[in-house]
Structures are given as C-alpha cells and as structure tokens.
Amino acid sequence: MYTKKELQDIIASAFQTANFHFDPSSLYDPIKYMMDLGGKRLRPLLTLMSCDMFGGKITEALAPAMGLELFHNFTLLHDDIMDQAPLRRGRETVFKKWNTNSAILSGDTLFVMAYELVTKTTPSLLPQVLDLFNDTARKVCEGQQYDMDYEFRGDVSITDYILMIRLKTAVLISCSLKLGAIIAQASDKEANLIYAFGENLGLAFQLQDDYLDVFGEEDKFGKEIGNDIVTNKKTYLYLKAFELAGGRSLEFLTTHFREKTIPVKERVRTITEIYRELKVDVLTRSLIGEYFSKAMEIIDQINILPERKQILLEIAGQMVNRES
C-alpha cells in the first residue's frame with residue numbers, strides 16, 4: 001500500500017513533467033497557467049488511492065487520473081467565467097488575466113487533452129472507462145446548467161439544490177473513485193459501492209465549500225469570501241435562511257440580496273450576521289456530517305481489510321473538515 005504522501009508525490013511529478021508548451025502560445029499559455037495554480041489535485045489522488053486499495057497497479061491508473069484533473073480544471077475555468085469570479089486559488093482567474101474568449105477556447109482544448117489522457121488505459125477496460133467518463137462529463141454539465149437556471153428561479157428547493165451539487169460536484173468525485181476500482185479490476189459490486197461512497201462524500205465536500213465561502217478565511221480559502229452572497233447563489237445556506245427567516249430577518253435578507261446599490265461589503269456582512277442568527281452555519285455543518293456518515297456506512301460494506309481502507313478514510317475526513 002502506498003502512503004498519501006507517496007501518491008501525492010507521484011501525481012506532482014507527473015504534472016511537473018507534463019508538457020503544456022505548444023503553439024499557438026496564446027491558446028496553451030492559459031492552460032499552463034491554470035495547471036500551474038496546482039490546487040489539491042484531489043481527484044487523481046482518489047483514483048490512485050482507490051486503485052491501490054483494490055490491489056491494482058497505480059501506474060495503469062496514472063494517465064486516466066491526470067485526465068480527470070484536467071477535466072476538473074476545464075470545468076473550473078469555464079465556471080469562473082459564468083460566476084465572474086476574480087480569484088482562483090488565490091490568483092487571477094484565466095478570463096481576468098487574458099479575456100473571456102481566450103478562457104473559453106483554452107478550456108475547450110483542456111477538455112480534449114483530458115479525454116486523451118483518460119483513454120490511455122488497458123484496452124480491455126476502455127469501454128467501461130469511457131462509459132463512466134462520458135456519463136460523468138454529461139452530468140457535470142447538467143449540474144452547471146441547473147446552477148445557472150437556479151439564478152433566475154424563485155422556487156428553488158433544498159432538494160433541487162442537492163440534485164444540482166450531486167451532478168456538478170459529487171459525481172466527479174464518485175467517478176474518480178470508481179475509475180480506480182475499474183482499473184484495479186474490482187468487482188461490479190465493489191465499484192458501485194465506492195461510487196456511492198464518493199457521491200455522499202462529494203455532497204459533504206461541496207456543502208463544506210459553500211460553508212467556507214461565507215464562514216471561511218480568505219487567505220486560507222483562496223477565493224473571495226462572500227462571493228456566493230454577492231452573486232445571489234442559491235446555496236443550501238441561502239435556501240435554509242429563507243426557509244427559517246421571518247419578520248426583520250426576512251426583510252433584511254430580501255433587501256440585501258435584491259438591492260444592488262448596497263455596498264458589497266455591507267451586503268456580505270449583514271447577510272452573514274443573519275445566517276449566524278438563524279444558525280444556518282450550525283445546520284450546514286450538521287448536514288455535512290449526515291452525508292459523511294452515510295459515506296462511512298457505505299464503505300463499511302466493502303469487504304476488504306480495514307487497513308486497506310485507512311488512507312482513503314483519512315483523506316475523506318480531511319475533505320469535509322478543510323479550511324481551503
């Protein structure tokens with residue numbers, strides 16, 4: 001069994017030696033910039049961990065795992081445009097540093113490069129790998145569309161929101177884990193269980209991200225705090241607050257989300273205070289715990305030695321208790 005540090009070093013080395021220098025430089029420089037931002041590289045780590053856990057050879061999983069990381073960065077690159085986010089991992093987003101058209105085209109190219117890497121797998125496993133990747137890519141796009149649609153809908157429910165983050169975020173984490181299981185030639189039952197584990201872990205992970213967007217520290221989070229508030233994102237925190245609010249708190253919430261003339265810092269501060277008054281922060285952490293518990297129940301059903309699960313369980317705990 002590999003340690004987490006050993007797997008991270010293997011992934012870091014693979015990306016350090018990866019070639020993103022092609023012509024025209026105006027197309028590939030934004031890609032290199034995006035990939036150089038680094039990030040947690042969580043998805044390839046989960047793929048290698050899963051492959052190792054099920055007794056596979058991580059050398060056979062490395063290229064597809066890197067492909068998932070490229071795909072993830074493609075989604076972030078386009079997501080930043082849609083959200084008009086100025087910062088990504090503490091630095092300027094690609095569309096801010098270059099322009100929107102460059103970011104779109106470089107993102108499209110990044111998707112193609114991701115696909116090339118995902119297909120570098122054992123030929124006999126390629127149909128399964130492609131079915132999983134294609135299904136995941138389509139669902140991520142569906143999730144992003146729901147995210148955009150919700151901005152203009154006044155009837156979004158918490159159930160709607162959970163569906164959206166399941167598609168937009170959780171399925172890629174599920175895919176990462178199942179990809180490792182497929183390459184290790186685990187049984188269908190085991191592959192499906194690790195997928196379900198990843199889905200619940202992914203929901204907890206995204207809810208933690210939403211929590212940190214409001215209650216995190218900007219220097220640790222790597223993005224502007226309160227961006228979801230500024231852009232009126234209908235997150236779990238937003239929806240729960242409107243469900244619970246009444247009287248003065250409902251009036252303040254409605255005014256500060258709708259009235260664009262209120263200075264941004266004041267809007268963020270006031271809405272954050274109301275969230276705290278309504279204990280939305282506590283309720284969000286509670287829901288994160290519920291999904292994490294479901295994930296733990298599922299992984300208990302995978303019939304392998306507990307020590308083979310240990311590294312994955314450690315990283316799962318870190319995912320839902322992180323500050324960045």
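At what angle do the axes of H2 and H6 cross, and within what distance do they come? Before the answer, a word on the source. This is a predicted model, in which local features need pLDDT of at least 70, side-chain atom pairs count only at pLDDT 80 or more, and totals for chains, interfaces and linings use all residues. Residues are numbered from 1 along each chain as its sequence is written, and side-chain values use heavy atoms, with hydrogens and water left out.

Now the answer. The axes of H2 and H6 cross at roughly 70° and come within 9 Å. The names are DSSP runs numbered from the N terminus, helices being H or I with at least four residues and strands being E with at least two. Axes here are lines fitted to C-alpha atoms, for helices over the stretch in contact, and the angles run from 0 to 180 degrees between N-to-C directions. H2 and H6 are therefore roughly perpendicular to each other. On this scale, angles under 35 degrees count as roughly parallel, over 145 as roughly antiparallel, 65 to 115 as roughly perpendicular, and the rest as oblique.

Which residues meet there? On the H2 side they are Ser26, Leu27, Tyr28, Pro30, Ile31 and Met35, and on the H6 side Leu105, Ser106, Thr109, Leu110 and Met113. Contact means heavy atoms within 4.5 Å.

Let me stay with H2. Helix H2 covers residues 25-36, and its 12 residues should span 16 Å at 1.5 Å a residue; the end C-alpha atoms are 15 Å apart, which agrees. The expected span is 1.5 Å times one less than the number of residues. Leu27, Tyr28, Pro30, Ile31, Tyr33, Met34 and Met35 are the buried residues of H2. Buried means under 20% relative accessible area, exposed over 50%, and partly exposed in between, with a 1.4 Å probe and protein chains only. Their cover includes helices H1 (4-17), H4 (58-83), H5 (94-97) and H6 (100-118), along with strands E1 (87-88) and E2 (91-92).

Both sides of H2 have a backbone detail. In the loop between H1 and H2 sits Pro24, and the peptide bond from Asp23 to Pro24 is cis, with omega near 0°. Just after H2, Gly38 has a positive phi of about 80°.

Arg89, in the loop between E1 and E2, has a phi of about 55°. Arg89 is partly exposed, at 24% relative accessible area. Gln185, in the loop between helix H8 (158-183) and H9, has a positive phi near 60°. Gln185 counts as exposed, at 60% relative accessibility.

The axes of helix H3 (residues 42-53) and helix H16 (residues 306-320) come within 8 Å and cross at roughly 160°. H3 and H16 are therefore roughly antiparallel to each other. The contact is made by Leu42, Leu45, Leu46, Met49, Asp52 and Met53 of H3, together with Arg308, Lys309, Ile311, Leu312, Ile315 and Met319 of H16.

Leu312 brings us to the core. The largest nonpolar core has 109 residues, and those with the most contacts inside it are Leu70, Ile194, Phe197, Leu253, Tyr275 and Leu312. A nonpolar core is a set of buried Ala, Val, Leu, Ile, Met, Phe, Trp, Tyr and Cys residues joined through side-chain atoms within 4.5 Å. Leaving aside neighbours within four places in sequence, Leu70 is in contact with Phe15, Phe20, Met35, Leu110, Met113, Ala114 and Leu117.

Tyr275 is one of the buried residues of H14, with Arg267, Val268, Thr270, Ile271, Thr272 and Ile274. These pack against helices H9 (188-215), H11 (227-230), H12 (236-244), H13 (247-258) and H15 (280-299).

Not counting residues up to four places away in sequence, Tyr146 touches Leu163, Met164 and Leu167. Tyr161, in helix H8, is buried, with a relative accessible area of 2%. Apart from neighbours within four places in sequence, the contacts of Tyr161 are Tyr150, Gln206, Leu207, Asp210, Lys234, Thr235, Tyr236 and Leu239.
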